[in-house]
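Let's take a walk through a protein model together. Have a look at the picture first, and then we'll go over what can be said about it.

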Amino acid sequence: MLTTAQRPRLLTSTEPGWHAHIRAHGPLPPWPAAPSNRLLLEVEAAGLRGRGGGWFPTAAKMRAVMTASHNGGGPAVVVANAMESEPASLKDATLLAASPHLVLDGLVCAAQAVWAQEAILCLPQDNPAVPVVASALAERSSRGADPLPIRLVCPPHRYLSGEESALVQWLNGEEARPSMGKPYAAGVQGRPTLVQNVETLAQLALIVRHGAAWFRSAGTQAATGTTLVSVSGAVNRPGVVEIGVGTSIVEIVNRCEGVSAPVQAVLTGGYGGAWLPAALGELPWSPEDLAAHGGSAGAGVLVLLPGDSCGIAETARAVSYLAEQGAQQCGPCRFGLSALAAHMHEIAQPATSPFDQRGAAHLSSRIRGRGACRLPDGASRLADSALEVFADELSAHRRGQCSGGRQVLPTPRRKGLA
Ligand SMILES: Cc1cc2nc3c(=O)[nH]c(=O)nc-3n(C[C@H](O)[C@H](O)[C@H](O)COP(=O)(O)O)c2cc1C
Ligand code: SF4
């Protein structure tokens, strides 16, 4: 039996149409006649933090966009980020397929908060939610439901195209590569731009309806509300679950009908996240609790690694993918990531030397903090956590043994084929 604080809030709709949406959530309050900061203050009071991976306070981003707008930046643009580039994440597509109107309501609310005149939803072309969102937009347009135009655009599906400055570059007609630019100051067409993950927007749509106190009634003091977690690997029912932030990992797994095999470790946060030993199952799923043990809530990815998988080999595949997806603009991407991937593959082979293992750790430390975006940091963190959590596996490799070759992490499509 779920308590009020654990009950799903986002994933309640069984059908994506307008009528089901209104039945489940009711209409949005009317758009105010004049600009006001009431909504921003409510978001601040709710303590909403972004669900796209960074858990950054949403009100602070809104404030930065408004300031840039008032300081001559012109009318703001809001962008809903549904790129979901983390290979093991399914939450954004699941949310959009189930409740497209909740996300679109949130986009409208974000526009209202920063007084934007344009809203854009970015969803990869090959995402199964595209037709659902297109039909939700048509429904809203025929009802005149929205006070501003909302555009659906479909950028290429690559790891980097979800990074906010890369997304803005693409919207400005360039290749989707991270830039040093700050979208909140100068984003789409040089205008102040608020980029929010679609789950963040859906949470915003609920805060607008139910208020800050209701939102805070789930979650932890530092990370309020519920959150979506994509659970995969050694569980009986892989999929997306909505939990109150702070629910233990064991409880999340129970919501997925338990483990399907003995588990040796869990991947938290995604390919840009970190491994934790399975013994930490009682740990609360919150950004602070996970980080305190070297993990990451990131974009809400939890992968259970079964005993017959090799954590080093799995990490080598993930780092290879990240290396391949790098934009090759900065040193760590051009030189460091592929070398790290090669080293990880080397030590994934039984009978590796301690020298190779030290080489991987050294390369990882050289990459960290050197890229213009967080992609190399993510790869380095993942590799470091693997070297620590799978220390016994590495010792076994030195003796010519390995836990096994079962592949659990998804092998994403190769760059350029998306
Ligand atoms: C390499 C990289 C990839 C990213 N991919 C995504 C993505 O697919 N979806 C997303 O919402 N955020 C992604 N982000 C985070 C965005 O840059 C940005 O912080 C986020 O969209 C802001 O929304 P939020 O504050 O609601 O989390 C990525 C960041 C990095 C460094
Ligand atoms: S670190 Fe890599 S992906 Fe990030 S900006 Fe530099 S070249 Fe691009």
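## Around the ligand

Let's begin with ligand 1. It has 18 residues around it, and the closest are Gly52, Ser85, Gln196, Asn197 and Thr200. Keep in mind that this is a predicted model.

Which residues put a polar backbone atom close to an oxygen of the ligand? Ser85 has a backbone N or O atom 2.7 Å from an oxygen atom of ligand 1. For Asn197, a polar backbone atom is 2.8 Å from a ligand oxygen. Arg51 also has a polar backbone atom to mention, this one 3.4 Å from an oxygen atom of ligand 1.

## Three domains in one chain

Now zoom out. The protein chain splits into domain 1 (4-216), domain 2 (226-306) and domain 3 (311-398). If you take the C-alpha centres of domain 1 and domain 2, they lie 25 Å apart.

## Where domain 1 meets domain 2

How many residues are in contact here? On the domain 1 side there are 23, and they are in contact with 20 residues of domain 2. About 1,800 Å² of area is buried between domain 1 and domain 2, and carbon and sulfur atoms give 57% of that.

What about charged pairs? Side chains of opposite charge can pair when their charged atoms come close. Between domain 1 and domain 2 the count is 1 salt bridge. Arg49 and Glu288 form a salt bridge, with their closest N and O atoms 3.1 Å apart. There are polar contacts too: 13 residue pairs across the interface of domain 1 and domain 2.

H4 gives the most, with 3 residues. Sorted by class, this side of domain 1 has 10 nonpolar, 6 polar and 7 charged residues.

How values were computed
Residues numbered from 1 in each chain as written. Chains lettered and ligands numbered in written order. Predicted model: local features only at pLDDT ≥ 70, side-chain atom pairs only at ≥ 80, totals over all residues. Heavy atoms only, no water. Domains from an automatic or database assignment. Contact = heavy atoms within 4.5 Å. Buried area = accessible area lost by both parts, 1.4 Å probe. Salt bridge = Lys/Arg side-chain N within 4 Å of Asp/Glu carboxyl O. Polar contact = N/O pair within 3.5 Å; in protein donor to acceptor, adjacent residues only side chain to side chain. Helix = DSSP H or I, 4+ residues; strand = E, 2+ residues; numbered from the N terminus. Nonpolar A, V, L, I, M, F, W, Y, C, P; charged D, E, K, R; others polar. Near = heavy atom within 4 Å.
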